[in-house]
Amino acid sequence: MFTNVILNAIHAVDHGAILVELSEEEVSNEEVRGIFFCVSVTDNGSGIAEEHLGHIFDPFYTTKEVGEGTGLGLSVAYGILREHDGIIRVASEIGKGTCMRLYIPKRNCEGENPDRR
Ligand SMILES: Nc1ncnc2c1ncn2[C@@H]1O[C@H](COP(=O)(O)OP(=O)(O)OP(=O)(O)O)[C@@H](O)[C@H]1O
Ligand SMILES: [Mg+2]
């Protein structure tokens, strides 16, 4: 999951920078609720065009040349995260870069969220 997201960032930058950060966040929306670990991968690369944003998690969706990408990286990452009750958020601007946030539920060894009341 992380490899796929970080590799995408590496492919998107040309002598740019990639920042990987970890934080703990409380999320409460219609999809999920609770305390999450948030791993964000931010690059200052090409950015993702508006018309592609809605498709990047689809299997086999790629903007890369034939032979360079299968379009499976993000769909696999998304699938793994959903299996673990996580979510992905994307913010991107053409020419400025992309920030992918992977939210993973905080749980103890028994699978319970110690902070959930
Ligand atoms: N950090 C990013 N910056 C710019 N575009 C991105 C970024 N991450 C994903 N994308 C876009 O999302 C598309 C889908 O990504 P995904 O990882 O699923 O496939 P891929 O990288 O094209 O191929 P694969 O990962 O299978 O080798 C990419 O082709 C690219 O257009
Ligand atoms: Mg990829």
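**Reading the ligand's surroundings**

Mentor: Start with the kinds of residue: the shell around ligand 1 has 8 nonpolar, 10 polar and 2 charged residues. Keep in mind that this is a predicted model.

Trainee: How many residues surround ligand 1, and which are the closest?
Mentor: A residue joins the shell if one of its heavy atoms lies within 4 Å of the ligand. Here 20 residues do so, and the closest are Asn8, Thr62, Thr63, Lys64 and Thr70.

Trainee: Which polar side-chain atom lies 2.4 Å from an oxygen atom of ligand 1?
Mentor: That atom belongs to Thr63. For polar contacts, we look for pairs of N or O atoms within 3.5 Å.

Trainee: How much of the accessible area of ligand 1 does the protein cover?
Mentor: On its own, ligand 1 has 600 Å² of accessible area, and the protein covers 89% of that.

Trainee: Where does ligand 1 sit?
Mentor: In the largest pocket. Two or more shell residues come from each of α1 (2-12), α3 (73-83) and β4, and α1 gives the largest share, 3 residues.

Trainee: What does β4 pair with?
Mentor: Strand β4 (residues 97-105) runs antiparallel to strand β3 (residues 87-93), and 7 bridges join them. Across this pair, Ile88 stands opposite Leu102 in β4. The hairpin has 3 residues between the strands, and Gly95 takes a positive phi near 80° there.

Notes
Residues are numbered from 1 along each chain as its sequence is written. Chains are lettered from A and ligands numbered from 1 in the order in which they are written. This is a predicted model: local features need pLDDT of at least 70, side-chain atom pairs count only at pLDDT 80 or more; totals for chains, interfaces and linings use all residues. Side-chain values use heavy atoms; hydrogens and water are left out. Two strands pair if DSSP finds at least two bridges between them. Helices (H or I, at least four residues) and strands (E, at least two) are DSSP runs, numbered from the N terminus. A polar contact is a pair of N or O atoms within 3.5 Å; within protein, one must be able to donate a hydrogen and the other to accept it, and residues adjacent in sequence count only if both atoms are side-chain atoms. Accessible areas come from the Shrake-Rupley method with a 1.4 Å probe; for residues, only the protein chains shown count as cover. On a 1 Å grid over the protein atoms alone, a cavity is a set of points where a 1.4 Å probe fits but cannot get out, and a pocket is an open set with protein on both sides within 12 Å along at least five of seven lines; lining residues have an atom within 4 Å of a point. A molecule sits in a cavity or pocket if more than half of its atoms lie within 2 Å of its grid points. Ala, Val, Leu, Ile, Met, Phe, Trp, Tyr, Cys and Pro count as nonpolar, Asp, Glu, Lys and Arg as charged, and the others, Gly among them, as polar.
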